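Hello,

Here is the structure for you to look over. My notes on its ligand site, pocket and cavity follow below.

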Amino acid sequence: MPTVLIIGASRGIGLALVQEYHAAGWRVLATARQAADLEKLSTIGATPLPLDVTDLNDCAAIGWRLDDEKIDVAILSAGVIGTRTEGLDTPGADEFNHVMQTNVLAAMRLLPIIAPIVAASNGRLAVISSMMGSLSMRNDASSWLYRASKAALNSVLLDVAHSFPEMVSIAMHPGWVRTEMGGAGATLSGEQSAAGIRATIAARTKQDNGTFYNYDGTQLTW
Ligand SMILES: NC(=O)c1ccc[n+]([C@@H]2O[C@H](COP(=O)([O-])OP(=O)(O)OC[C@H]3O[C@@H](n4cnc5c(N)ncnc54)[C@H](OP(=O)(O)O)[C@@H]3O)[C@@H](O)[C@H]2O)c1
């Protein structure tokens, strides 16, 4: 039975991924930061792991918690959008730190721990980024701090891809999804996004290492 690790699985796309992989017969390791969410994940049939991605000790602890695991697929989904902006509103330092620490620093702490475990099984690693982080597809400046954080996450993913050529590391856009972040007017359900993400990750080969994909399997430009 293959094993998937999903980071940020309390709700939204992360939770939909837990349900998608579980229904497909995978063993699911899923992280959340609240006790009630860990209990919910356990009820679904996942192995719950406590993790606040902005907590240095939690990030270090995930290393020893995963020490004996063989992980075939790892997906980093935890993320925040922060305060939504339209123009060039300079964020305060606290807002900047919150978004950057959650979306970028967490990846720079967790991926060096997780990537070697995934590489040991020649597995696949995906970060849930966003088309909003693409530089080449940029056509407006809304929520520019979030955009900057996802552009930085894409950079981090590329460095992981270069460091672990024996496995496949990709960034993914999950579509516009009806979650707390995506809002009720979004075009996709969590189930549709998660099914597309699973299929897109499964279809990747070593040549795809260090690339950016939409949930529907279309390649995106950085
Ligand atoms: N929805 C969309 O349309 C859309 C589009 C493009 C990209 N994305 C990306 O997709 C990913 C998932 O988004 P979503 O739509 O599912 O958002 P969401 O419904 O707001 O869920 C966010 C998830 O991230 C977790 N999280 C946030 N900060 C965390 C922290 N410090 N430690 C641990 N977990 C933390 C949340 O956990 P708690 O419940 O504990 O807060 C929750 O599980 C994000 O990276 C987002 O940027 C979403």
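A cavity here is a set of points, on a 1 Å grid over the protein atoms alone, where a 1.4 Å probe fits but cannot get out. Grid points are joined across faces, edges and corners, and a volume is the space filled by probe spheres set on the points. By this rule there is 1 cavity of 30 Å³ or more.

Two notes on the source. This is a predicted model: local features need pLDDT of at least 70, side-chain atom pairs count only at pLDDT 80 or more, and totals for chains, interfaces and linings use all residues. Residues are numbered from 1 along each chain as its sequence is written, and side-chain values use heavy atoms, with hydrogens and water left out.

**Cavity**

The largest cavity has a volume of about 40 Å³. Its lining residues (those with an atom within 4 Å of a point) are Ile7, Ala74, Ile75, Leu76, Leu111, Ile114, Leu125 and Ala126. Strand E4 (73-76), helix H4 (93-120) and strand E5 (124-128) each give two or more residues to this lining. E4 gives the most, with 3 residues. Helices (H or I, at least four residues) and strands (E, at least two) are DSSP runs, numbered from the N terminus.

By class, the cavity lining has 8 nonpolar, no polar and no charged residues. Ala, Val, Leu, Ile, Met, Phe, Trp, Tyr, Cys and Pro count as nonpolar; Asp, Glu, Lys and Arg as charged; the others, Gly among them, as polar.

**Pocket**

A pocket is an open set with protein on both sides within 12 Å along at least five of seven lines. The largest pocket has a volume of about 1100 Å³. It is lined by 45 residues; Ser77, Gly79, Val80, Ile81 and Met181 lie nearest its centre. H1 gives the most to this lining, with 3 residues. The lining has 16 nonpolar, 20 polar and 9 charged residues.

**Ligand**

Where does the ligand sit? It sits in the largest pocket, meaning that more than half of its atoms lie within 2 Å of the pocket's grid points. 29 residues surround the ligand (a heavy atom within 4 Å), and the closest are Ser10, Arg11, Arg33, Tyr146 and Thr179. Helix H1 (12-23) and helix H5 (144-163) each supply at least two residues of this shell. The shell has 11 nonpolar, 13 polar and 5 charged residues.

Polar contacts are pairs of N or O atoms within 3.5 Å. A side-chain N or O atom of Ser10 is 2.6 Å from an oxygen atom of the ligand. For the side chain of Arg33, the distance to a ligand oxygen atom is 2.7 Å. Ser77 uses a backbone N or O atom, 2.9 Å from a ligand oxygen atom.

Best wishes

Technical notes
Polar contact = N/O pair within 3.5 Å; in protein donor to acceptor, adjacent residues only side chain to side chain.
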